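Please consult the sequence and the structure shown below.

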Amino acid sequence: MGFFNKIIGLILIVLGVYYLGKNVVFTTQFSPYWWRDLSAAGSVLCLSSGVVGVIFLPSETRSWSWVLVALGIILVFLNGNVILKPTSLWYFFASFATLITGLKLVTTGRV
């Protein structure tokens, strides 16, 4: 029964992330000036190295990888190429509740 709950939880997490992510659009733009693309390149480098660090580094140094991931996310928003589509409060509530319920099922095995 515990394995079945974890599978259902994983499915709920994927559905929650999918429905929350449908309202976020990442765009690209061409800039003739090299300094305008610094935040875009920095966000890709920080996110990539942060994810590699979270997966491969030992737990003592993993916190620095999370700092790189957070910095990469901040640089994405500073770059200005993230568009948040308008959504209803009910849609946000339902998708966030699905995500959190799935996370609770995966971690504890019960709601």
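Helices (H or I, at least four residues) and strands (E, at least two) are DSSP runs, numbered from the N terminus. By this assignment, the protein chain has four helices and two strands, which follow the pattern α-β-α-α-β-α along the sequence. The model is predicted, so that local features need pLDDT of at least 70 and side-chain atom pairs count only at pLDDT 80 or more, while totals for chains, interfaces and linings use all residues. Residues are numbered from 1 along each chain as its sequence is written, and side-chain values use heavy atoms, with hydrogens and water left out.

Helix α1 (residues 2-21) packs against helix α4 (residues 89-108) at an angle of about 150°, with axes (lines fitted to C-alpha atoms over the stretch in contact, with angles from 0 to 180 degrees between N-to-C directions) 7 Å apart. Because of this angle, α1 is roughly antiparallel to α4 (over 145 degrees). Residues in contact (heavy atoms within 4.5 Å) include those below.

| Helix | Residues, among them |
|---|---|
| α1 | Asn5, Lys6, Ile8 and Gly9 |
| α4 | Tyr91, Phe92, Ser95 and Phe96 |

Gly21 also lies in helix α1. With 38% relative accessibility, Gly21 counts as partly exposed (between buried, under 20% relative accessible area, and exposed, over 50%, with a 1.4 Å probe and protein chains only). The C-alpha atoms of Gly21 and Ser95 are separated by 9.7 Å, although the two residues are 74 residues apart along the chain. Of the 111 residues in the protein chain, 23% are buried.

How values were computed: Parallel < 35°, antiparallel > 145°, perpendicular 65-115°, else oblique.
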